[in-house]
Amino acid sequence: MQVLAPRATDLGGLEVRRLLPQRPRRMVGAWCFLDLFGPARFSEGRPMDVAPHPHCGLQTVTWLLQGEAVHKDSLDSEAVARPGALNLMTSGSGIAHSEETPVRNSGRLHGVQLWVALPDAHRNDPPAFDHHAERPLVEIGPAQAMVMLGELAGVSAQARTFTPLLGAELRLPAGVDAEVPLRRDFEHALVPLDLPCDGDGERLTVDHLHYLEPGRDQVVLRGGSGTSRVLLLGGAPFDEPILMWWNFVARTREEIEAAREDWQEGRRFGQVRRYAGARLDAPEFAGARPVAANPMS
Ligand code: MN
């Protein structure tokens with residue numbers, strides 16, 4: 001297994017731990033971005049307050065383990081992400097959104113923020129937002145899985161996806177093996193979220209990404225000292241070269257510069273009318289080097 005340690009990054013005052021993209025591994029299937037945040041406890045203030053910003057060429061996935069986050073976007077959507085609920089935003093050609101801890105909150109925050117690269121055939125589709133209040137559960141031997149999107153062990157989560165993809169949260173009881181079926185044509189990643197666990201007899205570290213190459217039928221997982229929660233991602237290797245810069249996924253520098261200019265000039269992405277404060281400005285692009293997310297493909 002290839003193992004990636006997280007990199008600490010500041011996101012508007014909220015410390016996040018970035019697992020994707022990193023130089024040794026940019027993507028897992030179409031999953032091209034993965035931040036972990038929390039677990040945090042707070043008694044006042046709102047630790048997450050990401051002002052309106054644009055996206056194009058991708059989907060955003062917000063998945064919480066504790067706490068709440070309100071999504072608002074330029075389609076006038078407003079939806080609270082909570083543990084077990086999926087907020088899935090499909091930017092297509094362009095959308096703007098904000099994500100905040102609501103004023104009334106549990107004083108906790110723990111979750112993951114993911115992006116999915118859209119394939120060429122759909123990256124200029126109109127934007128959309130989907131809130132799924134519940135996700136299907138599936139028993140895998142002694143383990144339980146919540147299927148965020150895609151299909152696992154014969155249970156399918158209805159969600160808007162454009163490439164073969166899997167996202168699931170597994171709960172592994174301590175000391176018992178669970179044989180988790182995998183698709184041979186997928187590459188996968190395992191991220192223990194609270195406690196270490198074992199994968200095929202190796203100890204898997206919390207907040208680290210453990211990459212599994214395609215060609216596997218299963219992985220045997222076992223909880224560590226208590227019930228372990230693990231994020232399982234999978235997907236068919238994404239074979240279109242992409243460029244990432246700021247909040248954009250594109251194919252060329254010119255597209256990224258055009259997206260930046262459209263945001264700065266108030267075009268294309270719309271306005272998040274439900275958000276009370278100012279929107280984010282794009283950083284300067286001059287001299288910027290967008291990240292080639294999968295340069296080897
Ligand atoms: Mn965003």
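**Getting to know this predicted model**

User: Which residues form one aromatic cluster?
Analyst: Happy to start there; please keep in mind that this is a predicted model. The structure holds seven aromatic pairs. One aromatic cluster is made up of Trp245, Trp246, Phe248, Trp263, Phe269 and Phe285.

User: How many residues apart in sequence are the parts that phenylalanine 248 and phenylalanine 269 tie together?
Analyst: These two rings form a stacked aromatic pair, with 6.0 Å centre to centre and 20 degrees between the planes. Phenylalanine 248 belongs to strand β25 (residues 248-250), while phenylalanine 269 is in the loop between α1 (253-264) and β26 (291-292), so the pair joins parts whose separation in sequence is 21 residues.

User: Are phenylalanine 248 and phenylalanine 269 buried or exposed?
Analyst: Buried here means under 20% relative accessible area, and exposed means over 50%. By that cut-off, both phenylalanine 248 and phenylalanine 269 are buried.

User: Which ring does the charged end of arginine 279 sit over?
Analyst: Good one, as it leads back to the aromatic cluster, which includes Trp263. The charged end of arginine 279 is 3.8 Å from the centre of the ring it sits over, and that ring belongs to tryptophan 263.

User: What is the angle between the planes of phenylalanine 33 and tryptophan 115?
Analyst: Both phenylalanine 33 and tryptophan 115 are buried. They form an aromatic pair with 4.1 Å centre to centre. Planes under 30 degrees apart count as stacked, and this pair is stacked, at 15 degrees.

User: Which strands hold phenylalanine 33 and tryptophan 115?
Analyst: This pair links distant parts of the chain, 82 residues apart. Phenylalanine 33 is in β4 (residues 31-41), and tryptophan 115 is in β11 (residues 108-117).

User: Which residues coordinate the manganese ion?
Analyst: In sequence, the donor residues follow the spacing H-x1-H-x41-H. Histidine 53 in strand β5 and histidine 97 in strand β10 lie 44 residues apart, and each of these two is buried. Through NE2 atoms at 2.1 to 2.2 Å, the ion is coordinated by His53, His55 and His97.

User: Which members of the largest nonpolar core touch the most other members?
Analyst: In soluble globular proteins, nonpolar side chains tend to be buried together. The largest nonpolar core here has 37 residues, and those touching the most other members are Leu34, Val61 and Leu209.

User: How many residues are in the other core, with Ile140 among them?
Analyst: This core lies apart from the largest one, and its members include Ile140, Cys197, Leu221 and Leu232. Its residues number 24.

Key:
Residues are numbered from 1 along each chain as its sequence is written. This is a predicted model: local features need pLDDT of at least 70, side-chain atom pairs count only at pLDDT 80 or more; totals for chains, interfaces and linings use all residues. Side-chain values use heavy atoms; hydrogens and water are left out. Donors are N, O and S atoms within 2.8 Å of the metal (3.2 Å for Na, K and Ca); water is not among the atoms, so sites may look incomplete. Helices (H or I, at least four residues) and strands (E, at least two) are DSSP runs, numbered from the N terminus. Buried means under 20% relative accessible area, exposed over 50%, partly exposed in between (1.4 Å probe, protein chains only). Rings of Phe, Tyr and Trp (its six-membered ring) pair if their centres lie within 6.5 Å; planes under 30 degrees apart count as stacked, over 60 as edge-to-face and the rest as tilted. A charge sits over a ring if NZ of Lys or CZ of Arg is within 6 Å of the ring centre and within 35 degrees of the ring normal. A nonpolar core is a set of buried Ala, Val, Leu, Ile, Met, Phe, Trp, Tyr and Cys residues joined through side-chain atoms within 4.5 Å.
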